[in-house]
Amino acid sequence: MTKTLSKNELESWLGNILKERTLVAPRCVDDLTLFLPVASVDEIAFDCGNTDLSPKDWFFPRTEALFTAEHKDADIEITPAVIEQETVIFGIRPCDAKGIAILDGPYLADPADSLWAQHRAKTTMIGLSCSSPAPQCFCTSMGGAPFDSSSVDILLTEVNDGYIVDAVTEKGEKLLQGVELKESDVSGSVPSCDTQVPAEGITEAVKRAFDDPYWGRLADRCLHCNICAYVCPTCYCFDIRDRTEGGKIERLRTWESCQSKGFTKIAGGHDPRVDKGSRLRQRFCHKLLYFPEQFGPLGCVGCGRCVVSCPVNIDIREIISDVQELGAKVGEGSS
Amino acid sequence: MSENSAPLIIGFLCNWCSYAGADMAGTSRAAYPSNIRILRVPCSGRVDPMMIVKCFQEGADAVLVAGCHPGDCHYNEGNYYGRRRFALLRELLDFMGVERERFRVEWVSASEGKRFAKIVTDFTNEMTKMGPRKAS
Amino acid sequence: MASDFTQQIREKARELLEDGTVECVIGYETGSDGISARPAFIYNAADVERLVFDNTCTHNLVKYLLNKKAKSTAVVVKGCDSRALNLLLSERQIERDKAFVVGVVCPGIVESRWNERSEQLQKRCDWCRQHTPVVSDFMVGDPVTEQPPADFADVAEEEAKTAEERAAFWQQQAERCIRCYACRQACPGCYCTDCFAESLDPEWVGIRIAPAESQMWNTIRAFHLAGRCISCNECERVCPVNLPLSLLNRKLEQKVLELFDYRAGMSEDAPAPLITFKKDEKLGIAE
């Protein structure tokens with residue numbers, strides 16, 4: 001038996017949520033679909049596919065103050081940022097939710113990032129199964145699935161006349177308190193993500209292909225903009241700078257990317273990743289080699305945003321295939 | 001901006017003519033409103049358009065650039081280059097919603113103290129009438 | 001026609017690589033979606049079959065010559081792209097004898113995204129007055145008679161709004177900008193080793209990814225291309241949040257045409273309007 005909710009019931013439930021908390025959901029703004037706060041349920045784009053930008057903004061905002069500092073008499077008073085607002089994200093896809101969940105690895109490792117921890121604690125994710133994965137999607141190859149409930153608090157799966165409701169975590173159950181769910185024996189059709197990417201053993205292959213001229217040739221084409229990093233749900237690098245205004249100092253953290261020139265520049269002017277090939281390689285090594293080595297899962301969830309957004313078609317799925325081939329070749333050579 | 005300082009006008013004055021002109025306004029006791037905050041620059045051609053955009057971005061209501069009359073530039077041609085840049089910049093700013101009236105360029109010589117005072121007075125009055133900028 | 005162009009480009013590329021005229025041919029190949037083109041770098045004659053030319057060949061490949069300064073390289077250019085060659089030549093960023101230019105008389109480029117290809121011509125093709133490349137060592141296709149000057153209806157439409165509406169419009173756009181700098185990275189005219197956007201002292205643009213900073217960035221980016229933009233519109237195409245950057249570029253293009261009768265990149269010798277002057281010109285400044 002499963003529990004279900006009709007579309008109308010879902011809407012009135014979301015309506016109640018947004019009276020007390022910030023409700024963030026996919027919204028169409030001009031020609032983009034973005035996760036934004038909604039003022040009424042009508043604004044929610046229920047039928048959109050993957051949003052143009054990932055929902056990471058709600059856990060790792062593009063710009064966020066870590067603390068503010070101010071002169072108070074002879075002292076300096078430092079006020080750390082505190083996240084008070086309870087937020088509910090509706091309509092997050094399993095791949096995106098997984099992208100957030102795996103970032104607990106770097107961000108909650110000792111010493112834990114206080115802001116990340118607060119965002120995670122204050123945010124409840126209502127996931128929406130992917131009933132029609134897009135051509136660029138490849139979540140199943142990266143260890144996910146269109147109906148994967150492992151990283152959300154509640155998973156909704158669209159069925160004929162409503163949604164199957166699966167309360168995954170305690171936080172999810174709490175949010176569902178007082179909502180009347182119907183018992184039903186419907187089952188959601190299990191969609192599949194058709195694109196298969198040979199990701200098995202990719203970590204070893206990347207290691208073997210590390211010194212291959214392949215990366216330099218690939219970087220010929222790369223423009224080294226930050227699109228891939230900024231649309232990616234799992235790119236979590238940042239820059240920090242202080243900003244003063246009217247005698248007040250804020251320490252700001254903003255998105256940054258390993259693709260930008262000077263990202264690894266150190267005091268004295270040396271830059272260990274000065275050539276474009278090594279910068280581009282870093283992106284893929286981080287996702288496919290360093291991240292799994294340090295934290296377990298692959299650092300890519302297969303949402304396909306970079307595939308669609310890259311202006312020169314640097315396609316991670318193609319790179320995974322190429323690197324597997326290269327790795328196999330190098331493997332043969334050395335054995 | 002606080003009420004009494006509005007409108008806030010930033011003035012870039014070239015060292016050789018216009019700044020001396022402003023000085024002359026002072027010594028000849030020609031009064032002008034204190035809304036203008038003056039920055040001395042070596043030449044009107046040194047005024048990078050980025051400085052002007054930055055002024056507006058940081059909340060200025062208007063910007064005045066003043067330099068030597070064409071032909072009188074201390075560096076011979078700085079103001080000629082500046083003139084072209086300012087002509088285009090004013091168009092771009094206006095296009096992006098900073099009305100063209102808010103960015104003024106004037107040629108003021110070292111002997112034109114009274115004229116400088118009049119320019120600043122008129123500009124301030126005009127900006128007061130226009131009111132503060134609507135968006136940043 | 002497209003297949004004929006492809007064939008001619010392949011043959012020329014093979015010849016150039018085989019006789020050692022160039023080390024690399026920068027052209028187009030079919031992308032991972034199978035329906036649209038992407039830039040291709042061909043180093044061996046054996047790989048020339050990868051090269052294609054069709055109406056999805058949108059990228060301005062001249063940008064890549066900036067990375068290949070020291071080596072002789074062949075590059076496939078459309079009409080608009082070719083104007084970037086003149087721009088970079090006049091600014092001494094590339095050397096003419098190191099570049100072999102395969103010019104393609106442009107049939108017009110359609111709107112395409114990854115896995116999406118429409119038959120709708122891009123906006124820049126409506127404005128285009130340069131289908132035939134202005135620089136080339138080898139021409140693919142027959143030169144065409146160019147259309148009379150395009151009007152600036154898009155600019156006029158924007159100007160019909162009040163200043164307040166225009167400010168609000170650009171504020172809205174700035175709210176969307178994520179400061180990925182794709183506009184800069186794709187632009188053949190943006191090649192400064194140290195861009196003002198990354199300067200810390202003075203800090204022209206603050207670190208925040210926020211409207212005020214984005215507006216500063218977008219305003220100055222456009223202004224730094226005043227009299228230099230060659231209308232390939234790559235900045236707008238690559239923008240992941242679809243900012244209407246062409247409006248800013250075209251406003252300046254219109255004014256440059258009006259005040260200085262100048263179109264960027266039409267010749268290697270004509271100095272860009274902001275690096276020269278006329279003593280007695282009237283520009284509506286302090287007159």
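A: Helices (H or I, at least four residues) and strands (E, at least two) are DSSP runs numbered from the N terminus. The model is predicted, so local features need pLDDT of at least 70 and side-chain atom pairs pLDDT 80 or more, while totals for chains, interfaces and linings use all residues. Residues are numbered from 1 along each chain as written, with chains lettered from A and ligands numbered from 1 in written order.

In chain A, helix α4 (residues 114-122) buries L115(A), W116(A) and H119(A); buried denotes 20 or more other C-beta atoms, placed from the backbone, within 10 Å of the residue's own. These residues lie on the same side of α4(A), because they cover an arc of only 100 degrees around the axis, taken from the directions between the helix axis and the C-beta atoms. Their cover includes β4 (63-72), α3 (104-108) and β7 (123-128) of chain A, contact being C-beta atoms, placed from the backbone, within 7 Å.

Chain A also meets chain C, through 31 residues of chain A and 26 residues of chain C. On the chain C side, β2 (37-42), α7 (182-186) and α9 (234-238) each supply at least two residues. Beyond four places in sequence, A182(C) touches L223(A), C225(A), I227(A) and P311(A), as well as V238(C), C239(C) and P240(C).

Chain C is in contact with chain B too, 32 residues of chain C facing 28 residues of chain B. Elements giving two or more residues to the chain B side are α2 (49-57), α3 and β4 (103-107) of chain B; the largest share, 12 residues, comes from α3(B).

Notes
Two residues are in contact if their C-beta atoms, placed from the backbone, lie within 7 Å. A residue is buried if 20 or more other C-beta atoms lie within 10 Å of its own, exposed if 12 or fewer, and partly exposed in between; C-beta atoms are placed from the backbone.
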